[in-house]
Amino acid sequence: MSNTAPDFEAESPSIDQVAESQSLKETFGESLTVLRISQFRLVLLERLLSTSATGISSVALSFAVLAVTKSVKHPDGNAAAVSFVLAAQLAPMLVFTLVGGVLADRFRPQRVMMAANFSAAAGEGLAGVLMLTHSAHTWNLLMAALLMGTGGALFYPSSQSLIPRLVPEDRMQAASSLSRLAQSSMLMLGAAVGGILVTAFGPGEAMGLDAVLLLLGTAPLVRITVPALVRAAEKAPGMMHELREGWAEVRSRTWLWAVIACYAAVLAGWFGGFTVLGPEVAKARLGGAGAWATIISCDGLGILLGGIAGLMYQVKRPMFVGTILTFAFALPPVVMGLGGPLWAISAVSVLAGFSGEYFMILWTVALTRHIPQDKLARVYSYDALGSLSASPLGSLVAGPASNAFGTRAVQLGAGAVIVGATGLTFMSSQVRNLRADAPVGPATADAGALGEEPAPGFAPV
């Protein structure tokens with residue numbers, strides 16, 4: 001179905017109407033009215049605390065592994081060991097994410113989030129103690145990373161399903177944008193603090209602070225009073241039945257599973273080419289932990305800017321715009337692989353952060369609009385499982401491949417994977433034509449809103 005209208009519009013009303021009736025400042029002010037909801041403010045406080053820990057950990061964990069794997073052969077640390085530890089942090093997604101989705105739809109999501117924070121805090125605390133007592137090795141840091149990853153696997157579907165139960169539908173884009181703004185600002189600040197702590201004191205102290213922040217983040221969740229869904233009280237089917245229900249929602253929508261499949265490849269390339277090899281490049285030729293913290297902070301700055309854009313604008317065809325933005329994920333590993341200077345890597349990291357954040361806002365609103373609320377957490381769990389399914393493989397392969405073929409070749413290859421997967425996804429007409437203003441309905445209604453029959457696979461251009 002063709003669409004000749006402009007893709008971008010202000011959240012409500014359209015951007016042309018905004019130009020005539022109110023300023024963008026007024027639109028921004030209207031978006032902030034969601035802060036009047038007290039329980040939503042509690043969610044924001046939790047995000048501020050826990051995401052600051054994530055930002056610190058993004059620097060501290062990699063440099064902890066590099067510190068304990070220094071040798072004559074690897075004077076800057078072993079990139080392969082970083083691969084194994086970061087893959088261990090991602091691996092629980094393959095086991096616990098679906099369980100987390102069922103638990104969030106069956107019980108109070110804020111309680112599942114608390115358990116997730118406790119698990120992640122245990123992992124961060126263990127890694128901190130190991131480093132501070134000089135007893136850290138790759139194998140026990142790997143065990144700590146498994147605890148961190150288990151917390152993340154349980155946390156994601158619960159956190160994504162909580163906000164739609166706290167705010168009305170017409171405030172969802174504002175709520176999603178503010179929530180992600182809280183995360184991006186603290187991710188940027190946390191990465192900067194992490195770089196300072198690692199440089200001045202060491203990764204052990206940094207990860208100890210992570211554990212404290214995660215524990216503090218559970219306190220606001222105690223005050224959130226969202227009950228379990230009524231459906232869970234009336235009928236409690238087995239876990240496999242509930243998982244099949246969630247899978248039915250995913251496979252019946254081509255735009256949904258196509259984007260999830262795309263991000264499996266994109267994030268594999270990103271984690272391998274950027275997250276695993278980035279610290280090694282920073283240590284070898286850019287100046288060390290401070291340079292890597294700068295790059296992560298620039299990614300966080302881009303995320304912050306994407307969140308601000310999400311407060312003020314939405315798009316009529318969210319996956320059309322979101323897929324185009326996804327191409328930007330290829331830039332940081334490619335610029336690194338080409339030997340770019342710190343300022344160039346930082347600049348493209350801002351662009352990648354902006355693109356990823358704005359896509360996630362569009363994605364969150366699209367799922368909230370098109371998926372029944374009592375199945376939303378399970379769909380998010382399949383989203384997380386599918387999107388991250390290849391990330392451990394990307395992380396595992398990147399380090400050994402870098403040792404065998406060179407960092408440049410692996411990072412350029414990662415960029416090629418990202419571009420190729422994104423281009424294939426853009427071929428789907430459902431991805432290009434999904435509309436944000438389509439009425440909520442069953443899966444077949446989504447296809448009808450697109451002006452086409454439900455398709456089992458990619459449609460040609």
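Me: What makes phenylalanine 354 count as partly exposed?

Reply: Phenylalanine 354 has 27% relative accessibility. Buried means under 20% relative accessible area, exposed over 50%, and partly exposed in between (1.4 Å probe, protein chains only), so phenylalanine 354 counts as partly exposed. By the way, this is a predicted model, where local features need pLDDT of at least 70 and side-chain atom pairs count only at pLDDT 80 or more, while totals for chains, interfaces and linings use all residues. Residues are numbered from 1 along each chain as its sequence is written, and side-chain values use heavy atoms, with hydrogens and water left out.

Me: And how do you know whether tyrosine 358 is buried or exposed?

Reply: Tyrosine 358 has a relative accessible area of 3%, so buried it is.

Me: What makes tryptophan 270 and phenylalanine 329 an edge-to-face pair?

Reply: Rings of Phe, Tyr and Trp (its six-membered ring) pair if their centres lie within 6.5 Å; planes under 30 degrees apart count as stacked, over 60 as edge-to-face and the rest as tilted. Here you get 5.4 Å centre to centre and 90 degrees between the planes, so it's edge-to-face.

Me: Why is the pair of phenylalanine 354 and tyrosine 358 called stacked, then?

Reply: Their centres are 6.1 Å apart with 20 degrees between the planes, so they pair and count as stacked.
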